[in-house]
Amino acid sequence: MPQEKTAVSLTLGEAARNYVGTLGQEPAQAAQPAVLRFVQWFGADRSPAELTTLDVERFVEESAGRGGSQGRSIEAVRPFLAHLKKLGLTEANLGTTIKLKRADSESGSAENPNAVEMTRAGYEQLSVSYTH
C-alpha cells in the first residue's frame with residue numbers, strides 16, 4: 001500500500017498541482033501558467049522549504065526582464081507562495097517579496113537613471129558579501 005505524502009514532504013511541483021486544484025476553473029486557468037513557470041524555474045523536484053527570499057527576487061527580476069505581460073502574471077505566483085506558508089512548507093510567506101515596479105507614467109515622477117532599486121534582503125546579502 002503506497003504511503004500518502006504529508007504536506008511537509010511535498011515537492012514544489014506537487015504543491016503547485018495541489019494549489020491549482022484548490023482553485024475554481026477560471027482562477028486555475030489564470031494562475032496555472034505563472035505558477036508552473038515559477039516551479040519550472042526553481043525546480044519541480046525541489047522542496048519548498050529550500051525557497052528563499054533571494055530566489056523569489058531573482059525570479060521576479062528575470063521574469064520582469066522578459067517584458068510583455070510577465071509583470072501581471074508574476075502576481076499570480078504571490079497567492080501560491082502564501083499557500084505554501086499556510087501548509088507549513090515554507091517558514092515565511094515569500095509572496096510578500098513580490099513587488100512590481102510601476103511604469104514611469106504611473107508613478108508621476110522621473111527617476112534617476114543611475115539609481116538602483118533593491119529589497120532589504122538583497123541589500124543585506126550585498127552588505128554581507130562586501131564584509132567578507
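In this predicted model, helices α1 and α2 pack with their axes 10 Å apart, at an angle of about 175 degrees. Angles over 145 degrees count as roughly antiparallel, and α1 and α2 are therefore roughly antiparallel to each other. On the α1 side the contact is made by Leu12, Gly13, Ala16, Tyr19 and Val20, and on the α2 side by Ala28, Gln32, Val35, Phe38, Val39 and Phe42. By class, these residues divide into nine nonpolar, two polar and no charged.

Valine 20 belongs to helix α1. Its relative accessibility is 12%, and because the limit for buried is under 20%, valine 20 counts as buried. Leaving aside residues up to four places away in sequence, valine 20 touches Ala28 and Gln32. Valine 35 is 15 residues from valine 20 along the chain, and the C-alpha atoms of the two are separated by 8.4 Å.

The axes of α1 (residues 12-22) and α5 (residues 77-86) come within 11 Å and cross at roughly 110 degrees. That value makes α1 roughly perpendicular to α5. Here Leu12, Ala15, Ala16 and Tyr19 in α1 meet Pro79, Phe80, His83 and Leu84 in α5. The contact of α1 with α5 comprises seven nonpolar residues, one polar and no charged.

For α2 (residues 25-42) and α5, the axes come within 8 Å and cross at roughly 65 degrees. The residues that meet are Ala34, Val35, Phe38 and Val39 in α2 and Val77, Phe80 and Leu81 in α5. This contact of α2 with α5 has seven nonpolar residues, no polar and no charged ones.

| Helix pair | Axis distance | Axis angle |
|---|---|---|
| α1 and α2 | 10 Å | about 175 degrees |
| α1 and α5 | within 11 Å | roughly 110 degrees |
| α2 and α5 | within 8 Å | roughly 65 degrees |

Which residues of α5 are buried? They are Val77, Phe80, Leu81, His83 and Leu84. These residues cover an arc of only 155 degrees around the axis, which puts them on the same side of α5. In general, an α-helix has 3.6 residues a turn, so residues three or four places apart point the same way. After α5 comes glycine 88, with a positive phi near 80 degrees.

Helix α3 (residues 53-64) has twelve residues, which at 1.5 Å a residue should span 16 Å; the end C-alpha atoms of α3 are 16 Å apart, which agrees. The buried residues in α3 are Leu54, Asp55, Val56, Glu57, Phe59, Val60 and Ser63.

Helix α4 (residues 70-75) contains isoleucine 74. With a relative accessible area of 0%, isoleucine 74 is buried. Isoleucine 74 and proline 33 are 41 residues apart along the chain, and their C-alpha atoms are separated by 9.8 Å.

For the protein chain as a whole, the secondary structure comes to seven helices and zero strands. The order from the N terminus on is α-α-α-α-α-α-α. The protein chain has 132 residues, of which 33% are buried. Of the contacts between residues at least 6 apart in sequence, 62% join residues at least 24 apart.

Notes. Residues are numbered from 1 along each chain as its sequence is written. This is a predicted model: local features need pLDDT of at least 70, side-chain atom pairs count only at pLDDT 80 or more; totals for chains, interfaces and linings use all residues. Side-chain values use heavy atoms; hydrogens and water are left out. Axes are lines fitted to C-alpha atoms, for helices over the stretch in contact, and angles run from 0 to 180 degrees between N-to-C directions. Helices (H or I, at least four residues) and strands (E, at least two) are DSSP runs, numbered from the N terminus. Angles under 35 degrees count as roughly parallel, over 145 as roughly antiparallel, 65 to 115 as roughly perpendicular and the rest as oblique. Contact means heavy atoms within 4.5 Å. Ala, Val, Leu, Ile, Met, Phe, Trp, Tyr, Cys and Pro count as nonpolar, Asp, Glu, Lys and Arg as charged, and the others, Gly among them, as polar. The expected span of a helix is 1.5 Å times one less than its number of residues. Buried means under 20% relative accessible area, exposed over 50%, partly exposed in between (1.4 Å probe, protein chains only). The arc is that of the directions from the helix axis to the C-beta atoms.
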